[in-house]
Amino acid sequence: MPEPLAECAGVSRAFGRLTVVDRVDLAVGPGEVVGLLGANGAGKTTLIRMLLGLLPVSGGSVRLFGRPPSRAGRRRIGYVPQTLGLYDDLTVAENLAFSRAVFSTAPGLADVPESLRGYARVCVRDLPLGVARRAAFAQALEHGPELLLLDEPTSGVDPLARSRLWETIGEAAGAGAGAIVTTHNMEEAEECSRLVVLASGRVVAAGTVAGIVGQARTAVVRAADWAAALRRLEAAGIRAVLSGETLRVPARPASGLAQALAGLPVRISEEPATLEERFFELAAAGISAP
Amino acid sequence: MTGPGVWGAEGVSVRFGARQALDRVTISALPGRVTAVVGADGAGKTTLLRCLVGALAPGEGTVRRPDARRIGYLPPGTGVYEDLSVAENLRFRSASYGIPAPAAEREVNKYLERTGLAAARDRLAGQLSGGMLRKLGVVAALLPQPDLLVLDEPTTGVDPVSRADLWWLIASAAAGGAAVLMSTTYTDEAARAARVLVLDSGQPLAEGTPAEIVAAIPGTITVAAERPAAGDERRRSWRRAGAWRVWQPGADPGRGEAVAPDLQDAVCVAALRRELGASHA
């Protein structure tokens, strides 16, 4: 196996008495896209900041390109923050030219990628969000980074535009770059080659989507009157999620609902859990664990 | 769709200067049902919701809504006073809708307990995390038990754990008989609603139950491990879950393996048809 581009080995970080990241192992190799999932406060941002060398670790070690994080290592990273990191009052071409000058890759050359050519002279603040995201990707990829850090890279765009952005990520990975993607969007998580799920600072699951969902099941209730069924479950302390006109109860066997719904005209069955349902189960277990 | 208690908009258009923000959009919100408006940022979702609550008068078309006191609204911002505590916000909201204090207190406690906000009741709203702030905004909007509950992107940027709490709040309001109309940028979330309107650049791309929208996709969708090499088929392809989907507009499914499409595929095809123009209409 080639040497990982980024590697966390037993990394911890505490702020005072609060441990925010707790013995996390994570590695990204060339061509891999690793999705980092976790509820707010699970430790994703702290982990990314340690990877970037912006925050020292309290324990364990972080290695970027086989060495401790450094300024030289930063040049080999492409970063797209949630806020995109573009200058609103510069045009697309100016933003790209500036970034080229900073990374000293062919300074002054103001070539704009094909997909952005129609917007080269438009100020970033006047761009539709989907186009602004494409520009941020172009800027992050321009210096040929070996590692991409993408924070919620496609939030707020429509599914076709998201698919086009993922083409770009896929091309970079195909050319040998590795990527770490943080996301709350399960459709996006399914694009990653591997996922790492964090809860309360710890890794609670890692692997492919199919591996993480595994055999997890969800109870599904089809009722003539879903509202009545919801109230019954509610009264029994069981939380159901409405989906169309059916109710889904993650992490519960169908048999566990029969008593609460007794006497109502309902059909209870089980279906494979979705990634979001499995994630919810993992996050809830991670939070309640000591 | 009209009838007693059916709220909505018919043929609504809004223009901001030269920009057509909404172009003849029709939507119904039925009592006891969740209706979702799904689209990218800038698609016109907020403008449509503002028309529905009466905050904006459309240039054309008609809106059917209950009396303002029977509407609950979560605007795109926080929808609460950031310099009041959680409890103060909810007390103020109840009082301004004329809900008697003891009844309001019971309702407030129920929602705070169930959404994990109880421990934060004395914190200033401005100090809450994003997910908690959205939950507070939704609780405030549904407290008066409105006939029409309009929620502008209640779950955007919210993690899946808080999202489950928000969906519980939304389902409770619908179970109580409210017509719930919510907007979202997530297609998988819209697929949980009873009815969906897909908006793109102010225009309706599709409308109906998720099943109806999926059934209306013309042609077939196939899946391929590699992206089609060139030409028309390449332009009709998009990446999904590490593989490629290809839309085959004709009756002939082509060489690929057909897949059972979902709402996300339907939205992609609708956007492709618009992109490719009349040749595939």
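# A guided tour of chains A and B

Begin by selecting chain B, in which buried residues make up 49% of the 281 residues. A residue counts as buried if 20 or more other C-beta atoms, placed from the backbone, lie within 10 Å of its own, as exposed if 12 or fewer do, and as partly exposed in between. Before continuing, note that this is a predicted model, in which local features need pLDDT of at least 70 and side-chain atom pairs count only at pLDDT 80 or more, while totals for chains, interfaces and linings use all residues. Residues are numbered from 1 along each chain as its sequence is written, chains are lettered from A, and ligands are numbered from 1, in the order in which they are written.

**Chain B as a whole**

Colour chain B by secondary structure to see nine helices and 13 strands; these are DSSP runs numbered from the N terminus, helices being H or I of at least four residues and strands E of at least two. The radius of gyration of chain B is 21 Å, close to the 19 Å that the globule rule gives for 281 residues, so chain B is as compact as a globular protein of that length. That radius is taken over C-alpha atoms, and the rule is 2.2 Å times the number of residues to the power 0.38. Along the principal axes, the C-alpha atoms of chain B fill a box of roughly 65 × 40 × 35 Å.

**The domains of chain B**

Next, select residues 7–208 as domain 1 of chain B and 212–280 as domain 2; such bounds come from an automatic or database domain assignment. Taken over C-alpha atoms, the centres of these two domains are separated by 33 Å. Their contact takes 10 residues from domain 1 of chain B and 11 residues from domain 2 of chain B, two residues being in contact if their C-beta atoms, placed from the backbone, lie within 7 Å. On the domain 1 side, α6 (187–190), β8 (195–200) and β9 (203–208) of chain B each supply at least two residues.

**A helix pair in chain B**

Now show α4 (residues 130–142) and α5 (residues 160–175) of chain B, which pack at an angle of about 5 degrees with their axes 10 Å apart. Axes are lines fitted to C-alpha atoms, for helices over the stretch in contact, and angles run from 0 to 180 degrees between N-to-C directions. α4(B) and α5(B) are therefore roughly parallel to each other, a term for angles under 35 degrees. Display side chains here: among the residues that meet are V138(B), V139(B) and L142(B) in α4(B), and L166(B), L169(B) and A173(B) in α5(B).

Turn to chain A, whose secondary structure comes to nine helices and 13 strands. Its C-alpha trace spans about 75 × 45 × 35 Å along its principal axes, and buried residues make up 43% of its 290 residues. Three domains can be selected in chain A: domain 1 (6–76 + 145–212), domain 2 (88–138) and domain 3 (217–272). The centres of domain 1 and domain 2 of chain A, over C-alpha atoms, are 25 Å apart.

Finally, display both chains. How many residues of chain A are in contact with chain B? There are 35, and they touch 37 residues of chain B. On the chain A side, the elements that each supply at least two residues include α4 (129–141), α8 (226–235) and α9 (275–288). The largest share of this side, seven residues, comes from α5(A).

Terms used: Angles under 35 degrees count as roughly parallel, over 145 as roughly antiparallel, 65 to 115 as roughly perpendicular and the rest as oblique.
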